Amino acid sequence: MLNKHLWLKEWHGVRWIVVALMLLFLYAQTGGLYLDADTWQEQYDYYQSDGFAKEQQQSPDDAKMSPKDVKLSLTLDHFAAGFPGDSYQPTYTMGQFYIGLSILVVILGLAMVSWERYTRKDHFSLAAPFKRSSMIIVKILVGGLSIVVTYSVSLWLGLQHLFSVIPSEYIDLDMKKVYLGLIGNLGTFLLLFVLALFLGTIMGELMATIIAIVIVTMMPRYIYTIWMVLVQLLDPKLDSSTLANWTSYANIFVIFGNSEFQYGPFIFQMLVLLLLGWGAVFFYKRNSIEKNGKVLMFSYLRIPSALFISFASMILITSFWINGNMDEMPSLLSFLVISLGSFLGCLFICYMVLYRNTWIRR
C-alpha cells in the first residue's frame, strides 16, 4: 500500500479532476467568504450612515432598532446559510457552485473505478504486482485526501479574510454549530465520493452506476415527505407537529443537511461513510475482469439491489406525483395505487435488466 508507484498511478489518473476541484472550492468557498465579508462591511457602514440615523428618527417607536438589535444583526454566530435568523447569515454555502462540487466529487469516485473499468485500464491495474486491497485503499486515500486538503485550504483562506474584516466584538460563534456544520459538509463530500467508489466496485456498467448514484443520493430526502403524507392519510385527525422530524438523518448527502445541528445525524453520516468505505474494499478485492460490462458484478446482490432500487424509485415517483398535485391532498387509494404500481413496475424493470439483460448489453 505504501508503494510510491501505486500512489503516483492513482494520482496521475485523477490529477486534472483534483485541480478542477481545488479551483471550484476556491471560487465557491473562498470567494464566497470574501463576498460575505464585503456584505458584512456594507451592512456595518449602512448602520453607521446618516441615512440610517434619519430612518430611525422617522420610524415609529416599535419599528426602531435598538443598539442591541443592530449588534445582533451584525453578529456572526455560525455558518448555515439558508436558515435565516436574527444574527448575520453568510451566503457562501447556498450557491450553485456547491452543487457543482457535489457532482465533481462523484466524478472523482467514478474515475477511480468505473471509468477505469469502462476504458479497460483495469486490465492492467488488476494484473499489476499489487494487492487488490492496497489498490482500493490507495484510491480511497488519494481521493479522500484530495477532498480534505482542497476543502480545508479554501475554507481556511476564506475564514482568515472574513475574520480580518469582522471585529471580534461581532463574532460570537456557537462552536457546536460551527463544527457540525463545516465538518458535516466535509463529511458530505467524502460520503458522495466513497458512495461513487463503492457502487463502482459492485456494478460493472458505467451508465447503470451513474443512474444508481442519482437514485441513492436523491431518494433519502423525500422519504420523510412520503411518510408524513401516508400518516396523514391513515389518520387525518393526527397533528403532524407531534411526529418526530428525522429529515436531518435523511439528508446525509445534502450540504448542511443537518439543519438542526444534532450529533445523531452527524454520527450516522460517519457510520455510513465507514460502512461504504469498508464495502468498497471488501468487494474490490473480489472483482473479476470477466464480469466487466454486467450491471452487477456479484449475482447474490441482485435481489437486495432490485428491492432497494425499486423502493427508492417508488419514493421518488410518488413524491414527484404528490408535488405535481399540491392543490389537494391525494386519496389513500390513489396514493397506494401510485406507490405500489411504481414499486412493482420498477421491480419488473430490474428483473428484466438483472436477470434477462434486456436493455443493457456489452
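Q269 touches G184, G187, T188, L191 and I252, leaving aside residues up to four places away in sequence (contact means heavy atoms within 4.5 Å). This is a predicted model, where local features need pLDDT of at least 70, side-chain atom pairs count only at pLDDT 80 or more, and totals for chains, interfaces and linings use all residues. Numbering runs from 1 along each chain as its sequence is written, and side-chain values use heavy atoms, with hydrogens and water left out.

**Q269**
- Q269 sits in helix 12 (residues 263–284); helices are DSSP runs of H or I with at least four residues, numbered from the N terminus.
- At 5% relative accessibility, Q269 is buried (buried is under 20% relative accessible area, exposed over 50%, partly exposed in between, with a 1.4 Å probe and protein chains only).

**Nonpolar surface patch**
- I303, L307, F348, I349, Y351 and Y355 make up a nonpolar patch on the surface, with about 590 Å² of accessible area together.
- Patch members have over 30% relative accessible area and no salt bridge, and nonpolar side chains are joined within 5 Å; a salt bridge is a Lys or Arg side-chain nitrogen within 4 Å of an Asp or Glu carboxyl oxygen.
- Y351 belongs to helix 14 and is partly exposed, at 35% relative accessible area.

**Helices 9 and 10**
- Helix 9 (residues 206–218) and helix 10 (residues 220–234) pack at about 45°, with their axes 5 Å apart.
- V216, T217 and M218 in helix 9 meet P220, R221 and Y222 in helix 10.

Key: Patches are made of residues with over 30% relative accessible area and no salt bridge: like charges are joined within 9 Å, nonpolar side chains (Val, Leu, Ile, Met, Phe, Trp, Tyr) within 5 Å. Accessible areas come from the Shrake-Rupley method with a 1.4 Å probe; for residues, only the protein chains shown count as cover. Helices (H or I, at least four residues) and strands (E, at least two) are DSSP runs, numbered from the N terminus. Axes are lines fitted to C-alpha atoms, for helices over the stretch in contact, and angles run from 0 to 180 degrees between N-to-C directions.
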